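I opened this notebook to record, step by step, what I looked up in the structure. The entries follow the order in which I took up each topic.

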Amino acid sequence: MNDPTTARPWLAATLPKAAPAIATTTVLALARIWNANGAEHSVGNAALMTALSLGAAAAGVVAGNATGDSVLVGTAFAASGALAFAGVAGYSDGLSLPLLLWSLATAGAYGLAARYWRTDRRETVAYERQTSERREEHAHIERVETLRATTEIEVARTGAAYAEQLAQALVTRATLPGFDPTALEAAGLPELPTGERKSA
């Protein structure tokens, strides 16, 4: 009757939880590759990343004032932070500052993502609850309709059996010796059809 809800695969369930760490780790790795290829202590590269970071932040402010779309604003500010993080990680010569910034960026990304995960979880739980209630309601209606149909079938079957038994009793009684249909009519019982009357 009702199909069970299938669980999501393990990878699909855990991948969103790992996305912030994967993103910040990717930025750190690319920045360190950039550092090894000439970005270390390069003022021009640092100025470029600073300008890009400020541009992304300005785009977030403009998007927030113009549209009010929180997803667009969050994306712009995340891009600004990633560019700033990549600029510092590419410019610095050691790993201590990039790793410190990586840990802060990862913690901040998880802090922001946790709010969206809670909202998504609440919506998922509410949807599952509504679906379960609808399934229970449909199952109840199916059970009631099945009981009603079964009862109607049993009543019809019982009525047909009673009618058959009554017809058999009337036929058997009419064949008994001394049966007089006029005596029944005189007693006030309904007139029974006879073979002569049918032929007449």
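**Entries on charged pairs and a surface patch**

I began with R157, which has a relative accessibility of 52% and therefore counts as exposed, the cut-off being over 50%. I noted that the model is a predicted one.

I then looked up the partner of R157. R157 forms a salt bridge with E154, and the closest N and O atoms lie 3.1 Å apart. E154 has a relative accessible area of 38% and is partly exposed. I also checked the spacing: E154 and R157 are 3 residues apart in helix 4, so about one helical turn separates them.

The side chains of R148 and E145 meet in a salt bridge, at 2.8 Å from N to O. Both R148 and E145 belong to helix 4, which covers residues 96-174, and they are 3 residues apart, about one turn of the helix. R148 also forms a salt bridge with E152, where the closest N and O atoms are 2.8 Å apart. R148 and E152 are 4 residues apart in helix 4, so they too are separated by about one helical turn.

R148, at 42% relative accessibility, counts as partly exposed. E145 counts as partly exposed at 38%. E152 is likewise partly exposed, with a relative accessibility of 47%.

How many salt bridges does the count come to? I recorded 3 salt bridges.

I asked which residues make the nonpolar surface patch of about 480 Å². The patch is made by W10, L11, L15 and I22. I followed up one of these residues, I22, and found it in helix 1, which covers residues 10-39.

Notes: Residues numbered from 1 in each chain as written. Predicted model: local features only at pLDDT ≥ 70, side-chain atom pairs only at ≥ 80, totals over all residues. Heavy atoms only, no water. Salt bridge = Lys/Arg side-chain N within 4 Å of Asp/Glu carboxyl O. Helix = DSSP H or I, 4+ residues; strand = E, 2+ residues; numbered from the N terminus. Buried < 20%, exposed > 50% of the residue type's maximum accessible area, 1.4 Å probe, protein only. Patch = residues over 30% accessible without salt bridge, like charges linked within 9 Å, V, L, I, M, F, W, Y side chains within 5 Å. Areas by Shrake-Rupley, 256 points an atom, 1.4 Å probe, with all protein chains shown as cover.
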